[in-house]
Amino acid sequence: MPEQATLKRAFTLPLLTLYGLGTILGAGIYVLLGGVAGSAGVHAPLAFLLAAVLAGFSAFSYAELSARFPLSAGEAVYTQRAFGRAWLATLVGLLIISIGVVSTATLLNGFVGYLQVFWPLPEWLIIVLVLSLLSGVSMWGISQSAWLAAVTTLIGVAGLVLIIAVGAPAFEPGVMLSRVLLPSADLITLSGILGGAFIAFYAYIGFEDIVNVAEEVREPSRNLPRAVLLALLISTLLYVLVTLAALSVLSPAQLAQSSAPLALVYQQATGSEPVVITLIGLVAVINGALIQIIMASRVLYGMAAQGWLPNGLARVNPRTRTPLRSTALVSGVILLLALWLPLLTLAEITSLITLVVFSLVNLALWRIKRRDPRPVGIVVFPLWLPVAGCLFSLALVLFQLWQRVTA
């Protein structure tokens with residue numbers, strides 16, 4: 001009986017960090033900046049820093065768990081190891097897959113709107129062509145997918161660096177930093193910063209996708225936690241610098257009124273049409289969609305490998321070393337969502353699901369650490385970190401539900 005093919009370990013630390021960074025950056029910063037500035041005003045950079053701290057608690061939990069259990073379908077595996085309930089692990093895995101497919105469908109619809117500015121093709125045709133291309137790359141091989149994700153991530157980073165560069169001449173360090181970092185203590189200002197941090201938090205979601213390619217990472221117990229934390233650190237630095245640059249060019253009110261705030265910053269600072277930054281935004285969307293397809297297919301593969309889903313979904317093609325059946329199933333569901341369902345409400349639900357999963361992952365680490373506080377060869381973090389991560393994630397869930405009820 002021939003030996004069954006396994007996933008190929010193609011991710012080095014730099015490639016894995018770029019993969020995670022591409023997921024975090026995605027297209028979020030290109031549209032979220034206006035909402036954060038509208039809430040936090042000139043203190044928007046502080047809101048991004050606060051959001052990074054909130055996300056950081058969960059990031060540390062993911063970092064330690066990925067080193068302890070370097071397996072695909074990470075969140076599902078962590079839940080099963082902590083609570084010993086296959087049904088709960090399966091539910092968590094399916095929630096993660098739903099996040100990936102809905103996010104990709106949402107990104108594809110966003111891509112359509114941008115592309116039709118330059119190339120007025122029918123919406124359905126653009127979705128089918130782009131999804132077919134991305135699915136094909138994902139099936140072709142993880143090396144090819146990893147390098148494409150790395151290149152498109154670097155292009156997305158270049159777009160943010162471009163915004164920083166065009167805003168730099170208007171930057172007044174003394175005035176700006178004192179206004180940003182020394183907010184008044186009145187309740188309105190502080191609640192605005194907190195509200196901005198809640199919005200900015202969603203610009204950091206994505207670091208968790210790194211753990212779901214664990215079986216395709218070289219030296220996973222070493223490289224996975226490093227990539228999670230590096231991606232979060234680099235994205236925080238970029239977000240703060242971009243926000244400072246944007247506020248040097250436009251007022252918070254101007255940023256809040258724009259659906260494409262970075263394009264407006266570029267146009268205002270240079271006097272040129274924002275064609276370049278719009279094209280870079282398109283590349284960022286493509287990158288985010290590719291990574292979500294890879295993530296969802298690997299979770300499906302990992303759950304099947306654990307025996308929680310039909311075994312056929314765990315089959316790896318011996319030539320491409322990729323899970324073709326899992327990728328095809330994920331792509332089919334994405335196509336249905338992208339073509340037929342309204343996605344704005346689904347995107348909001350996706351954020352809520354992500355926070356619920358964060359709460360469970362933090363709780364899982366707390367329980368695992370209580371049983372096995374110091375595993376050999378693993379860097380461990382203080383017990384209070386997953387406790388804080390669970391509490392903050394639950395607080396964000398309650399805040400989002402409260403907003404829905406009072407809207």
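Modeller: Let us begin with a term that we shall need throughout: a residue is called buried when its relative accessible area is under 20%, exposed when that area is over 50%, and partly exposed in between. Please keep in mind that this is a predicted model. With that cut-off in hand, I can say that Glu64 is buried, and that Arg68 is buried as well.

Colleague: Why is Glu64 called buried?

Modeller: The relative accessibility of Glu64 is 0%, and the word buried applies under 20%, so Glu64 counts as buried.

Colleague: What makes the pair of Glu64 and Arg68 a salt bridge?

Modeller: The term asks for a side-chain nitrogen of Lys or Arg within 4 Å of a carboxyl oxygen of Asp or Glu. Between the side chains of Glu64 and Arg68 the N to O distance is 3.0 Å, so the pair meets the cut-off and is called a salt bridge. In general, side chains of opposite charge can pair when their charged atoms come close.

Colleague: Why are Glu64 and Arg68 separated by about one helical turn?

Modeller: Both belong to helix 3, which covers residues 44–68, and because they are 4 residues apart in it, about one helical turn lies between them.

Colleague: Which parts of the chain does the salt bridge of Lys369 and Glu64 link?

Modeller: The side chains of Lys369 and Glu64 meet at 3.2 Å, N to O. This pair links distant parts of the chain, since Lys369 is in helix 15 (residues 344–371) while Glu64 is in helix 3, 305 residues apart. Lys369 has a relative accessible area of 7%, and as this is under 20%, Lys369 is therefore buried too.

Colleague: How many salt bridges are found, and which residues are joined into one network?

Modeller: A search of the whole structure finds 4 salt bridges. Another of them is formed by Arg298 with Glu216, whose closest N and O atoms are 3.0 Å apart. Here, too, distant parts of the chain are linked, with Arg298 in helix 13 and Glu216 in the loop between helix 9 (187–201) and helix 10 (220–249), 82 residues apart. Arg298 and Glu216 are both buried. As for the network, salt bridges with shared partners join Glu64, Arg68, Lys369 and Asp372.

Colleague: What makes Ala5 buried, and what does Ala5 touch?

Modeller: Ala5 is found in the segment before helix 1 (13–25). The relative accessible area of Ala5 is 19%, which is under 20%, so Ala5 is buried. Not counting residues up to four places away in sequence, Ala5 touches Val316, Asn317 and Pro318.

Colleague: Which residues have the most contacts inside the largest nonpolar core?

Modeller: They are Phe11, Phe48 and Phe201, in a core of 129 residues. Helix 13 (residues 275–305) gives the largest share of this core, 17 residues. Apart from it lies another core, of 5 residues, including Ala63 and Phe381. Thr243, in helix 10, has 0% relative accessibility, and since that is under 20%, Thr243 counts as buried.

Colleague: How are helix 7 and helix 12 placed, and which residues make the contact?

Modeller: The axes of helix 7 (residues 142–167) and helix 12 (residues 261–270) come within 9 Å and cross at roughly 40°, and the crossing is left-handed. The contact is made by residues including Leu160 and Ile163 of helix 7 and Val265 and Tyr266 of helix 12. By class, this contact has 8 nonpolar, 1 polar and no charged residues.

Terms used. Residues numbered from 1 in each chain as written. Predicted model: local features only at pLDDT ≥ 70, side-chain atom pairs only at ≥ 80, totals over all residues. Heavy atoms only, no water. Axes fitted to C-alpha atoms, helices over the stretch in contact; angles between N-to-C directions. Helix = DSSP H or I, 4+ residues; strand = E, 2+ residues; numbered from the N terminus. Left-handed = near helix turned anticlockwise from the far one by under 90°. Contact = heavy atoms within 4.5 Å. Nonpolar A, V, L, I, M, F, W, Y, C, P; charged D, E, K, R; others polar. Buried < 20%, exposed > 50% of the residue type's maximum accessible area, 1.4 Å probe, protein only. Core = buried A, V, L, I, M, F, W, Y, C linked by side-chain atoms within 4.5 Å.
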